[in-house]
Amino acid sequence: MKLIFCSILASAAAFVPVSQQAFTRRPFLSNGHESSSALCAKYKKVFVAGGSKGVGRSIIDKLVVEGSEVVALVRSDEAVADLSSIDGVTAIKGDAFDYKTVEGAIDGCDAAITTLGGSVEDNKRIDYTGNNNVIEAAGILGCTRVVLVTSVGCGDSKEAAPPSVFEVLKEVLAAKTKAENVLIKYYTNMNWTIIRPGGLISEPMTGRAILTADKMGIGSIHREDVADLTVKALSAPNTERKIFAAIDPTLSSTA
């Protein structure tokens with residue numbers, strides 16, 4: 001399901017470039033902002049859910065480069081072996097569907113990032129259940145900085161997604177929206193940030209992507225650029241308690 005989701009988001013027919021309004025506004029954060037080494041200093045031990053591949057894996061790499069200790073919850077022995085080979089990463093094998101496993105992994109961390117999505121188990125979607133477990137555990141343990149990576153089309157960005165795309169992805173987007181709402185409505189003591197990437201592309205980072213508060217912002221973005229913006233947003237005060245679309249305004253709809 002995750003591969004289908006990502007391929008649809010990356011389709012040129014599915015997403016159009018971000019609105020001109022988003023271009024003319026000054027972005028809250030861009031790849032060209034101040035160095036992430038300065039931004040990451042605030043959080044020393046960061047929990048990452050969904051870090052075995054894609055955006056999450058790139059987030060782990062970038063956090064380590066900037067000197068953060070990382071705790072990653074992954075499901076496979078292969079992912080544990082891969083991540084355990086990286087200095088500064090503690091990889092824990094476990095299932096994000098299980099609350100106690102998530103709580104044990106987050107314990108001792110001062111920030112959490114979750115990119116969970118795609119998996120379905122017993123008619124439950126990781127997009128909601130897993131992300132909700134991360135949010136709930138962080139709240140209980142006093143880990144008050146949480147960054148949730150969802151998708152354009154969630155929440156008040158529903159109208160940004162073309163109707164045909166929304167129809168195909170409505171169950172996924174509904175589950176992610178439920179997770180967003182839990183974070184926004186019930187964990188008022190947290191300094192949260194929600195990042196909604198547009199169409200995901202598996203290419204090297206362009207360094208030109210931005211976060212925009214325009215709820216109609218839409219376009220494509222490379223996965224590594226999403227990771228870079230997420231790591232920078234983690235410690236950027238002007239991203240706290242805000243929701244952003246993550247797009248690359250220099251990419252055409254045919255990227």
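Let's start with Val48, which stands opposite Ile113 in strand E5. Strands here are DSSP runs of E with at least two residues, helices are runs of H or I with at least four, and both are numbered from the N terminus. Please keep in mind that this is a predicted model, where local features need pLDDT of at least 70, side-chain atom pairs count only at pLDDT 80 or more, and totals for chains, interfaces and linings use all residues. Residues are numbered from 1 along each chain as its sequence is written, and side-chain values use heavy atoms, leaving out hydrogens and water.

Now, strand E2, residues 45–49. Four bridges join E2 to E5, residues 111–114, and the two run parallel; strands pair if DSSP finds at least two bridges between them. E2 also pairs in the parallel sense with E3, residues 69–74, over five bridges. Is E2 enclosed or open? Four of its five residues are buried, so E2 is largely enclosed by the rest of the structure. Buried means under 20% relative accessible area, exposed over 50%, and partly exposed in between, with a 1.4 Å probe and protein chains only.

On to charges. The structure holds 13 salt bridges, each a side-chain nitrogen of Lys or Arg within 4 Å of a carboxyl oxygen of Asp or Glu. In one of them, Arg196 meets Glu180 at 2.7 Å, N to O. Arg196 lies in strand E9 and Glu180 in helix H8, so the pair ties together parts that are 16 residues apart in sequence. Arg196 is buried at 4%, and Glu180 is buried at 1%.
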